[in-house]
Amino acid sequence: MNRIWTVPNLLSFFRILLIPVFVVLYFHTGLQGNYWWAFGILALSGLTDVLDGIIARKFHMVSDLGKVLDPAADKLTQAAMVVCICVNHAYLIPLMALLFAKEFCMVTGAMVLAQSGVEPVSARWWGKLSTVIIYAAGAFVVLTDIYPAIPEAIAMTLAALAAVSMLFALFNYVKMFLRLGKRKDEDN
């Protein structure tokens with residue numbers, strides 16, 4: 001299915017539109033409860049991500065655009081979230097560097113495959129798991145901004161778990177990209 005205006009694609013577009021809202025709310029110190037609002041935007045973004053996938057599969061609305069747009073919305077949201085929280089939590093800078101390195105590898109691999117004529121593939125469970133863990137870790141860090149009494153050790157542990165999940169996802173996607181590339185070469 002190659003339609004553009006499907007409900008899942010609209011939800012992905014909506015998630016992209018939520019990114020600047022999150023950034024503004026996170027840094028708007030003049031707004032009472034700005035971190036609560038930012039946390040709410042992350043929760044809404046995560047909910048629409050889940051709904052997007054459920055609707056796409058259940059109602060057969062998976063599209064080539066959605067295979068690109070959904071992960072793009074995830075990655076843009078994750079990048080904005082991690083950059084924002086790194087401003088207040090410098091210990092997360094290695095996580096941000098890992099996220100950007102992982103995504104650079106993923107985009108490069110996808111572009112190489114696309115140039116070889118390999119169609120976009122849907123996200124795999126390991127990528128979805130990593131996305132959930134990154135969202136959860138980032139949202140928890142925002143909660144530490146709301147409740148400073150929460151030990152940062154918990155946020156650090158979640159950040160380490162997010163790093164492990166990113167490395168696991170990257171490893172599996174690289175294996176998959178290499179396998180798809182090899183299969184395409186054998187077909188030619």
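Trainee: What are the ground rules?

Mentor: This is a predicted model, in which local features need pLDDT of at least 70 and side-chain atom pairs count only at pLDDT 80 or more, while totals for chains, interfaces and linings use all residues. Residues are numbered from 1 along each chain as its sequence is written, and side-chain values use heavy atoms, with hydrogens and water left out.

Trainee: Packing, then. At what angle do α2 and α3 cross?

Mentor: The axes of helix α2 (residues 34-58) and helix α3 (residues 64-88) cross at roughly 160° and come within 11 Å. Helices here are DSSP runs (H or I, at least four residues), numbered from the N terminus. The axes are lines fitted to C-alpha atoms over the stretch in contact, with angles from 0 to 180 degrees between N-to-C directions.

Trainee: Parallel or antiparallel?

Mentor: α2 and α3 are roughly antiparallel to each other. The cut-offs are under 35 degrees for roughly parallel, over 145 for roughly antiparallel, 65 to 115 for roughly perpendicular, and oblique for the rest. The crossing of α2 and α3 is left-handed, meaning that the near helix is turned anticlockwise from the far one by less than a right angle.

Trainee: And how does α3 pack with α5?

Mentor: α3 and helix α5 (residues 125-146) have axes 10 Å apart, at an angle of about 30°. That makes α3 roughly parallel to α5. This crossing, too, is left-handed.

Trainee: Charges next. How many salt bridges are there?

Mentor: Seven in the structure, counting a side-chain nitrogen of Lys or Arg within 4 Å of a carboxyl oxygen of Asp or Glu.

Trainee: What does Asp52 pair with?

Mentor: Its partner is Arg15, at 3.2 Å from N to O. Asp52 lies in helix α2 and Arg15 in helix α1, so the pair ties together parts that are 37 residues apart in sequence.

Trainee: Are those two buried or exposed?

Mentor: Both Asp52 and Arg15 are buried; that label means under 20% relative accessible area, with exposed over 50% and partly exposed in between (1.4 Å probe, protein chains only).

Trainee: Which residue sits 2.9 Å from Arg15?

Mentor: Asp70, in another salt bridge, where 2.9 Å separates the closest N and O atoms. Asp70 lies in helix α3 and Arg15 in helix α1, so this pair links parts 55 residues apart in sequence. Asp70 is buried, as is Arg15. Salt bridges with shared partners join Arg15, Asp49, Asp52, Asp70 and Asp74 into one network.

Trainee: What about Glu103?

Mentor: Its side chain meets that of Lys102 in a salt bridge, 2.7 Å from N to O. Glu103 and Lys102 are both buried.

Trainee: Which residues form the nonpolar surface patch?

Mentor: Ile4, Trp5, Leu10, Phe13 and Leu65, with about 480 Å² of accessible area together. Areas come from the Shrake-Rupley method with a 1.4 Å probe, and for residues only the protein chains shown count as cover. Patch members have over 30% relative accessible area and no salt bridge; like charges are joined within 9 Å, and nonpolar side chains (Val, Leu, Ile, Met, Phe, Trp, Tyr) within 5 Å.

Definitions and conventions
Helices (H or I, at least four residues) and strands (E, at least two) are DSSP runs, numbered from the N terminus.
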